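Hi,

Here is the structure I said I would pass on.

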Amino acid sequence: MEALKQYITVKYVRLSDFLLECTVAWDEKRYDKVLQTYAKPKLLIIDEWLAMTPDANDLHAIKELIHRRRRKSSTIFCSQVLKEGWYQALGGANTEAEAILDRITYDGYDINIEYTDPTKAVSMRKIYNRLKPLD
């Protein structure tokens, strides 16, 4: 929200939606235009990062996007997969996975949101459910 207040262009997408859009765009011969659409904003937020296992075409699309955005703009990866598990989630020992992680981690910052006391961990769904008005 703060980025929008400062008139920074922001785009939000779920990883699965981005990959689906890339697949359709490839078939319709507008793949480069779709990548440009996602490369353009100053801030891109990719949600559900690595919630599914990408195939070879998906890895290529991810690598191309990250490469186009590198050092020109910011990308936030929202994931429930710990960063240590990203390599394996990207398919393990392959050059695409290594290229993607190199581009992300070289200039990246990690922000891990964790409970200070795991014994008192409460799901955000429970917190927000309590805030709903009673009918």
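**Fold and overall numbers**

From the N terminus on, the chain's elements follow the order α-β-α-α-β-α-β-α-α-α. That makes seven helices and three strands, with helices (H or I, at least four residues) and strands (E, at least two) taken as DSSP runs and numbered from the N terminus. The C-alpha trace spans about 50 × 35 × 30 Å along its principal axes. Of the 135 residues in the chain, 29% are buried; here buried means under 20% relative accessible area, exposed over 50%, and partly exposed in between, with a 1.4 Å probe and protein chains only.

Some housekeeping before the details. This is a predicted model, so local features need pLDDT of at least 70 and side-chain atom pairs count only at pLDDT 80 or more, while totals for chains, interfaces and linings use all residues. Residues are numbered from 1 along each chain as its sequence is written, and side-chain values use heavy atoms, with hydrogens and water left out.

**Pockets**

The search runs on a 1 Å grid over the protein atoms alone, and a pocket is an open set of points where a 1.4 Å probe fits, with protein on both sides within 12 Å along at least five of seven lines; lining residues have an atom within 4 Å of a point. Grid points are joined across faces, edges and corners, and a volume is the space filled by probe spheres set on the points.

The largest pocket holds about 1600 Å³ of space. Its lining has 36 residues, and I76, F77, C78, S79 and I111 are the ones nearest its centre. Two or more lining residues come from each of β2 (43-47), α4 (56-69), β3 (74-77), α6 (95-106) and α7 (124-130). The most come from β3, which gives four. By type, the lining splits into 15 nonpolar, nine polar and 12 charged residues.

**Salt bridges**

There are eight salt bridges in the whole structure, each being a side-chain nitrogen of Lys or Arg within 4 Å of a carboxyl oxygen of Asp or Glu.

- R14 pairs with E48, with the closest N and O atoms 3.1 Å apart. This pair links distant parts of the chain, 34 residues apart: R14 is in strand β1 (residues 10-14) and E48 in the loop between β2 and α4. Both ends are partly exposed, R14 at 31% relative accessibility and E48 at 36%. R14 and E48 also belong to a salt-bridge network with D17.
- D32 and R68 meet at 2.5 Å, N to O. D32 sits in helix α3 (residues 31-39) and R68 in helix α4, so this bridge ties together parts 36 residues apart in sequence. D32 is partly exposed at 47%, as is R68 at 22%.
- R71 and D107 have their closest N and O atoms 3.2 Å apart. R71 is in the loop between α4 and β3 and D107 in the loop between α6 and α7, so again parts 36 residues apart in sequence are tied together. R71 is exposed at 64%, and D107 is partly exposed at 37%.

**Residues to look at**

The R69 side chain does reach the backbone oxygen of A39 at 3.2 Å.

Then the backbone. Most residues other than glycine have a negative phi. K29 has a positive phi, near 60°, and lies in the loop between α2 and α3, exposed at 74%. R71 also has a positive phi, near 65°.

Cheers

Notes:
Ala, Val, Leu, Ile, Met, Phe, Trp, Tyr, Cys and Pro count as nonpolar, Asp, Glu, Lys and Arg as charged, and the others, Gly among them, as polar. A polar contact is a pair of N or O atoms within 3.5 Å; within protein, one must be able to donate a hydrogen and the other to accept it, and residues adjacent in sequence count only if both atoms are side-chain atoms.
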